[in-house]
Amino acid sequence: MGTQVKLNDKIIFGDNNPFVLIAGPCVIESKELVMETAAQIKEITDKLNIPFIFKASFDKANRSSIFSQRGPGIEEGLDILSQVKQKYNIPVTSDIHDYSQAEMAGEVLDIIQIPAFLCRQTDLLVAAAKTGKIVNVKKGQFLAPWDMKNVVSKLKETGNDNILLTERGSTFGYNNLVVDMRSVPTMRELGAPVVFDATHSVQIPGGNGTSTGGKREFVPYLSRAAAAVGIDALFTEVHPNPDKAWSDGPNMLKLDELEEILKPIQAIDKVVKKY
């Protein structure tokens, strides 16, 4: 039996279970946007029978420019995510950037996400793990997949084995990322289910000078490739109008295109997990 991380009876990561979708806008721009997007993604995933976790950041603390929009902050942001959980019965996740945020975040979030740039921050990892919640750590763009063993070790030392690892591309020269699909089975060997972050993998970091660029047209291709390798979850940021989004617009998917993008990914996932 492969490594399993169980959120509830319907959402189980790993061990040949169907992939879980983690999706939502990059940042909480407003309660209305969050509610609208969560409702529409839930409708799509219910129709396709895909397990779904809603994602949105309450604070984008790693923006390119100090003048960029960051979100409503932890208190208002967690309140909005709590309302998503209550109204739609959807688990929620968001990222934390400082160990002092872990306890408060753990009261609302079902999964605590650690940003790629912070994946080696010991105090942050330990604080997140001590909440007892599932901790999803994005592999740093600067790390080899096998180096994530130290991240796993830090988390497990707290007694929390509920760990997910996310592949989101590696730095390749300036302002460019590439995905080595070998990292999916490599990180799974570390004893954790693996998530593929499709939208951050097509980022062009800092490519627009004071903001990040991206090429969302490649998201479906990379997602299908990742499904063929055998992923446990797919992370993708989705927005009703990405070109007007506060953050990561160039690499976010259009909400009205999500269903058609998911269908072949789901078909590939089913074939791969038969064997």
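Tutor: Let us begin with helix packing. The axes of helix 1 and helix 2 come within 10 Å and cross at roughly 35°. Please bear in mind throughout that this model is predicted.

Student: Which quantities describe a pair of packed helices in general?

Tutor: Two packed helices are described by the angle between their axes and by the distance between those axes. In the present case, the crossing of helix 1 with helix 2 is right-handed.

Student: Which residues of helix 1 and helix 2 meet?

Tutor: Helix 1 contributes Lys31, Val34, Met35, Ala38, Ala39 and Lys42, and these meet Ile80, Gln83, Val84, Lys87 and Tyr88 of helix 2. By class, this contact of helix 1 with helix 2 has seven nonpolar, one polar and three charged residues.

Student: How is the crossing of helix 1 and helix 8 to be read?

Tutor: The axes of helix 1 (residues 31–48) and helix 8 (residues 258–272) come within 11 Å, crossing at roughly 35°. This crossing of helix 1 and helix 8 is right-handed. On the helix 1 side are Ile41, Ile44, Lys47 and Leu48, which meet Leu258, Glu259, Leu262, Lys263 and Gln266 in helix 8. The residues of that contact, helix 1 with helix 8, divide into five nonpolar, one polar and three charged.

Student: Is glutamine 266 buried or exposed?

Tutor: Glutamine 266, located in helix 8, counts as buried because its relative accessibility is 12%, and the cut-off for buried is under 20%. Leaving out residues up to four places away in sequence, glutamine 266 touches Phe19, Leu48, Asn49 and Ile50. The C-alpha atoms of glutamine 266 and asparagine 241 are separated by 24 Å, although the two residues are 25 apart along the chain.

Student: Let us turn to strands. How do side chains alternate in a regular strand?

Tutor: In a regular strand, the side chains alternate between the two faces of the sheet. Strand 5 (residues 92–95) shows both faces covered: Val92 and Ser94 are buried on one side, and Thr93 and Asp95 are buried on the other.

Student: In which sense does strand 5 pair with strand 6, and over how many bridges?

Tutor: Strand 5 and strand 6 (residues 111–114) pair in the parallel sense over three bridges. Aspartate 95 stands opposite glutamine 113 in strand 6. Strand 4 also runs parallel to strand 5, and two bridges join them. Here lysine 55 has threonine 93 of strand 5 as its bridge partner.

Student: What is to be said of aspartate 59?

Tutor: Aspartate 59 lies in the loop between strand 4 (52–55) and helix 2 (74–88). It is classed as buried because its relative accessible area is 12%. Apart from neighbours within four places in sequence, aspartate 59 is in contact with Arg70 and His97.

Student: What tends to happen to nonpolar side chains in soluble globular proteins?

Tutor: In soluble globular proteins, nonpolar side chains tend to be buried together. In this model, the largest nonpolar core has 66 residues, and those with the most contacts inside it are Phe54, Ile114 and Val137. A second, separate core of twelve residues includes Ile22, Ile53, Ile111 and Phe235.

Student: Which residues does valine 137 touch?

Tutor: Not counting residues up to four places away in sequence, valine 137 touches Ile114, Cys119, Leu125, Met148, Val151, Leu155, Leu164, Leu165 and Thr166.

Student: Where is isoleucine 134 placed, and is isoleucine 134 buried or exposed?

Tutor: Isoleucine 134 is in strand 7 (residues 134–138). With a relative accessible area of 5%, isoleucine 134 is buried. Its contacts beyond four places in sequence include Val5, Phe13, Ile112 and Leu164.

Student: Finally, what is the phi value of aspartate 15?

Tutor: Phi of aspartate 15 is near 55°, a positive value in a residue other than glycine. Aspartate 15 belongs to the loop between strand 2 (12–14) and strand 3 (20–24), and it counts as partly exposed at 25% relative accessibility. Asparagine 175 likewise has a positive phi, near 55°. Asparagine 175 occurs in the loop between strand 9 (170–171) and strand 10 (177–178), and its relative accessible area of 40% makes it partly exposed.

Notes. Residues are numbered from 1 along each chain as its sequence is written. This is a predicted model: local features need pLDDT of at least 70, side-chain atom pairs count only at pLDDT 80 or more; totals for chains, interfaces and linings use all residues. Side-chain values use heavy atoms; hydrogens and water are left out. Helices (H or I, at least four residues) and strands (E, at least two) are DSSP runs, numbered from the N terminus. Buried means under 20% relative accessible area, exposed over 50%, partly exposed in between (1.4 Å probe, protein chains only). Contact means heavy atoms within 4.5 Å. Two strands pair if DSSP finds at least two bridges between them. Axes are lines fitted to C-alpha atoms, for helices over the stretch in contact, and angles run from 0 to 180 degrees between N-to-C directions. A crossing is left-handed if the near helix is turned anticlockwise from the far one by less than a right angle, and right-handed if clockwise. Ala, Val, Leu, Ile, Met, Phe, Trp, Tyr, Cys and Pro count as nonpolar, Asp, Glu, Lys and Arg as charged, and the others, Gly among them, as polar. A nonpolar core is a set of buried Ala, Val, Leu, Ile, Met, Phe, Trp, Tyr and Cys residues joined through side-chain atoms within 4.5 Å.
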